[in-house]
Amino acid sequence: MSSTTRTTVRTAGVAVRAMLVLTLVLGVGYTLLVTGIGQLILPTQANGSLLPGDRGSALIGQSFTDAEGDALPEYFQSRPSAAGDGYDGASSGGSNLGPENPDLVAEIAARKTEIAAREGVDPSAVPADAVTASGSGLDPHISVAYALLQVPRVAAARDLPEDEVRALVESRIQGRDLGFLGEERINVAELNLALDDREGA
C-alpha cells in the first residue's frame, strides 16, 4: 500500500471517528443535557405550557366563538388572527397587508364597528389590538384595555358582579418582560379558564 493510500485511509478513519464522537457528544449528549435541565428547572414551559384539562397551550391563542364564528358572550375574546382559519399553528403568519392597504383599512373599520356594537361602546374606545392581528397570528394575549372593555358583557352573560370580573382580570395582568420590554398584557385562554373554574367551584 502506497504512502498516499495509507494517508487517505488514515484521514478517512479520523474523519469517521470524529463524526461519531461529535454526533454522540453534540447530537445525543447535549440534547439530553438541555432537555434534562429544561425538565428540571422549567418543566411546564419545556412541555409546551399546556393548560389544565387538555385545553390547549398558554403560548398559542384560541378563538372563543360558536360554530358560526360568532363571539360567545360569556368569554373574553382574543384579538383577530390571520393564521389559517384563525390560530392555526400550521399556518402561522400575518396578512402581510400594509397599513394603507384598502382591504386592511376596510377590515379594521368593520371589526371596530362590530366590537363597539358588541361591547356597547363608541368605536373610538376600541383598542388597536382588538382589531389587528399579530405578526404570527398566534398571539395569546390582549391588552389590559381590551380585557377591561369586555368586563361588562362577560359579567352580564355570566350573571356575575362587574367588580368581581374586573378584579379577576386585574389579577391576571402579566407585567412587561424583564420589567421594561413590551406592554402589560393578559392571556385570554388563562383568563377564560379561570372564569370557568371560578364558576365551577
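**Close-up views of a predicted model**

**View 1. Glu119 and Arg153 join their side chains in a salt bridge, 2.9 Å from N to O.** A salt bridge here is a side-chain nitrogen of Lys or Arg within 4 Å of a carboxyl oxygen of Asp or Glu. Glu119 belongs to helix H3 and Arg153 to helix H4, so the pair ties together parts that are 34 residues apart in sequence. Helices are DSSP runs (H or I, at least four residues) and strands are too (E, at least two), numbered from the N terminus. Both residues are buried, meaning under 20% relative accessible area, while exposed is over 50% and partly exposed in between (1.4 Å probe, protein chains only). Together with Glu114 and Arg118, Glu119 and Arg153 form a network of salt bridges.

This is a predicted model, in which local features need pLDDT of at least 70 and side-chain atom pairs count only at pLDDT 80 or more, while totals for chains, interfaces and linings use all residues. Residues are numbered from 1 along each chain as its sequence is written, and side-chain values use heavy atoms, leaving out hydrogens and water.

**View 2. Arg79 meets Asp139 in a salt bridge, with the closest N and O atoms 3.4 Å apart.** Arg79 sits in the loop between helix H2 (43-46) and H3, and Asp139 in the loop between H3 and S1, so parts 60 residues apart in sequence are tied together. Arg79 is buried at 15% relative accessible area, whereas Asp139 is partly exposed at 23%.

**View 3. Within helix H5, Asp163 and Arg166 lie 3 residues apart, about one turn of the helix.** They form a salt bridge, the closest N and O atoms being 3.4 Å apart. Asp163 is exposed at 59% relative accessibility, and Arg166 is partly exposed at 27%.
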